Amino acid sequence: MIQGLAALLLFQSLGEAIAQLTHAPVPGPVIGLVLLLAGLLLRQRVGKPAWAPLEQAADGLLAHLSIFFIPAAVGVMLYWEPLVREGLAWVVALVASTAAAIAVTAWFLSRRLGSDDTDDEAPAP
């Protein structure tokens, strides 16, 4: 699990370095996540199985995902007055971004699962 966490931090640091060096308008962790995704897809393409330490680290983080919402909850309490003033705009932004994230995830999964289905088909005699 430590190796998996180290790999996650390595990709995040790499993304931060790229964002700082290129002044990219995208946050460094997002760049690191894209690099990690590219690495995993490349690993899958060459036929290597999933890396167990990374899976263990991801499963461990997902099991305690609710802890990561504590800072957001504290932020809501600190910024209660702006939230009351601009709450509708925030709700619209949250709903739109959630819908966009769900749509992109569904599209990506349907493409990935669809390509896996075609790989398993036996060639016609």
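At what angle do the axes of helix H1 (residues 2–22) and helix H2 (residues 28–45) cross? In this predicted model, the answer is roughly 125°, and the two axes come within 7 Å.

## Helix H1 against helix H2

On the H1 side, the contact is made by Leu8, Phe11, Gln12, Leu14, Gly15, Glu16, Ile18 and Ala19. H2 contributes Gly28, Pro29, Ile31, Gly32, Leu35 and Leu36. Sorted by class, the residues of this contact are nine nonpolar, four polar and one charged.

## Helix H1 against helix H3

H1 also packs on helix H3 (residues 52–63), at an angle of about 85° and with the axes 7 Å apart. Angles of 65 to 115 degrees count as roughly perpendicular, so H1 is roughly perpendicular to H3.

Gln3, Gly4, Leu5, Ala7 and Leu8 of H1 meet Pro53, Leu54, Ala57 and Leu61 of H3. By class, the contact has seven nonpolar and two polar residues, with no charged ones. Leu8 of H1 is listed in the contact with H2 and in the contact with H3.

## Overall fold and dimensions

The protein has five helices and zero strands. Read from the N terminus, its elements run α-α-α-α-α. The radius of gyration is 19 Å, whereas the globule rule gives 14 Å for 125 residues, so the protein is more spread out than a compact globule.

The C-alpha trace spans about 70 × 35 × 35 Å along its principal axes.

## Annotated transmembrane regions

The UniProt entry, which is unreviewed, lists residues 25–42, 62–81 and 87–109 under "transmembrane region". In the model, residues 25–42 are 83% helix and 0% strand, with 26 Å between the end C-alpha atoms.

Residues 87–109 are 100% helix and 0% strand. The end C-alpha atoms of that span lie 32 Å apart.

Technical notes:
Residues are numbered from 1 along each chain as its sequence is written. This is a predicted model: local features need pLDDT of at least 70, side-chain atom pairs count only at pLDDT 80 or more; totals for chains, interfaces and linings use all residues. Side-chain values use heavy atoms; hydrogens and water are left out. Axes are lines fitted to C-alpha atoms, for helices over the stretch in contact, and angles run from 0 to 180 degrees between N-to-C directions. Helices (H or I, at least four residues) and strands (E, at least two) are DSSP runs, numbered from the N terminus. Contact means heavy atoms within 4.5 Å. Ala, Val, Leu, Ile, Met, Phe, Trp, Tyr, Cys and Pro count as nonpolar, Asp, Glu, Lys and Arg as charged, and the others, Gly among them, as polar. UniProt positions are given in the numbering used here, feature names are shortened, and annotations may be inferred rather than shown by experiment. The radius of gyration is taken over C-alpha atoms; the globule rule is 2.2 Å times the number of residues to the power 0.38. Angles under 35 degrees count as roughly parallel, over 145 as roughly antiparallel, 65 to 115 as roughly perpendicular and the rest as oblique.
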